[in-house]
Amino acid sequence: MQRLLRLDALYELDEFHAVTAECAHTLYGRAMLMRDILPNRTTACGRTAAWVWVGGRLPQDYFEVLSSSHYRRLAFGRRIKAWQRQVDESQISTLNTLNLTTPLRTACDLAMYPKDDPHARDVQSIIGRLMEHYEFSLVDCEPILEECSHLRNLPQAREMLTQFESIA
């Protein structure tokens, strides 16, 4: 397995599991893979949804889902972190029977990660890739941010997305 990983023929999920690189390097392949990993009747969000949309490095510590349940089992050595958020149906996409937040909603959620979160630096580059690949801007994010006006990290999210706007 290690040789195939070095040759980029496989994509590592954990030390015992891998999938073909072809699967992990396509949008629908990543959606199919995540559909099989996540619990039923959940919606992928945050860095998990971002990985499906733009690829990159699979989240190493936990997978994020929208759900009112709590999950104790590990999925490929990672916890399932459930968020109890109400998300409008228009902000949910379905790929290969996997429900996940749209690229726009995913970017807005990522922008609300606390500044002291260990993933804060990674989140900035992920948001940039989402905005570039799916061609949206701060103006497109405003309605979603307005829906989240009760969240304390909203000013920080606006500031971060404004920085991307000024770069573009």
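Biologist: Okay, how much space lies in the largest pocket?

Modeller: About 260 Å³. Keep in mind that this is a predicted model.

Biologist: What makes a residue part of the lining of that pocket?

Modeller: A lining residue has an atom within 4 Å of a pocket point. By that test 16 residues line the largest pocket, and those closest to its centre are Arg47, Arg57, Leu58, Asp122 and Ile126. Two helices, α4 (46-54) and α6 (120-134), each supply at least two residues of the lining.

Biologist: How does the lining of the largest pocket split by class?

Modeller: It has 6 nonpolar, 5 polar and 5 charged residues. Arg and Asp count as charged, while Leu and Ile count as nonpolar.

Biologist: On to the strands. How do you know that β3 and β7 pair?

Modeller: Pairing takes at least two bridges. Strand β3 (residues 43-44) and strand β7 (residues 98-101) are joined by 2 bridges and run parallel, so they meet the cut-off of at least two. Ala44, for instance, has Leu100 as its bridge partner in β7.

Biologist: And what joins β6 to β7?

Modeller: There are 4 bridges between strand β6 (residues 92-95) and β7, and these strands run antiparallel. Thr94 stands opposite Asn99 in β7, and Leu95 stands opposite Leu98. The two strands form a hairpin with 2 residues between them, and Asn96 in the turn has a positive phi of about 55°.

Biologist: Which strands make up the open sheet, and in what order?

Modeller: There are 5 strands, ordered β5-β4-β3-β7-β6, with mixed pairing.

Biologist: Why are β5 and β6 called edge strands?

Modeller: Each of them, β5 (79-83) and β6, pairs on one side only. The protein chain as a whole comes to 8 helices and 7 strands.

Biologist: Why does the radius of gyration agree with a compact globule?

Modeller: Because a compact globule of 168 residues would have a value near 15 Å, and the protein chain has 16 Å, which agrees. Along the principal axes, the C-alpha atoms fill a box of roughly 45 × 35 × 30 Å.

Biologist: Last one: what share of the residues count as buried?

Modeller: 49% of the 168 residues, where buried means under 20% relative accessible area. As for contacts with a separation of 6 or more, residues 24 or more positions apart account for 51% of them.

Note on methods: Residues numbered from 1 in each chain as written. Predicted model: local features only at pLDDT ≥ 70, side-chain atom pairs only at ≥ 80, totals over all residues. Heavy atoms only, no water. 1 Å grid on protein atoms, 1.4 Å probe; cavity = no way out; pocket = protein on both sides within 12 Å on 5 of 7 lines; lining within 4 Å. Points joined across faces, edges and corners; volume = space filled by probe spheres on them. Rg over C-alpha atoms; globule rule 2.2 N^0.38 Å. Buried < 20%, exposed > 50% of the residue type's maximum accessible area, 1.4 Å probe, protein only. Contact = heavy atoms within 4.5 Å.
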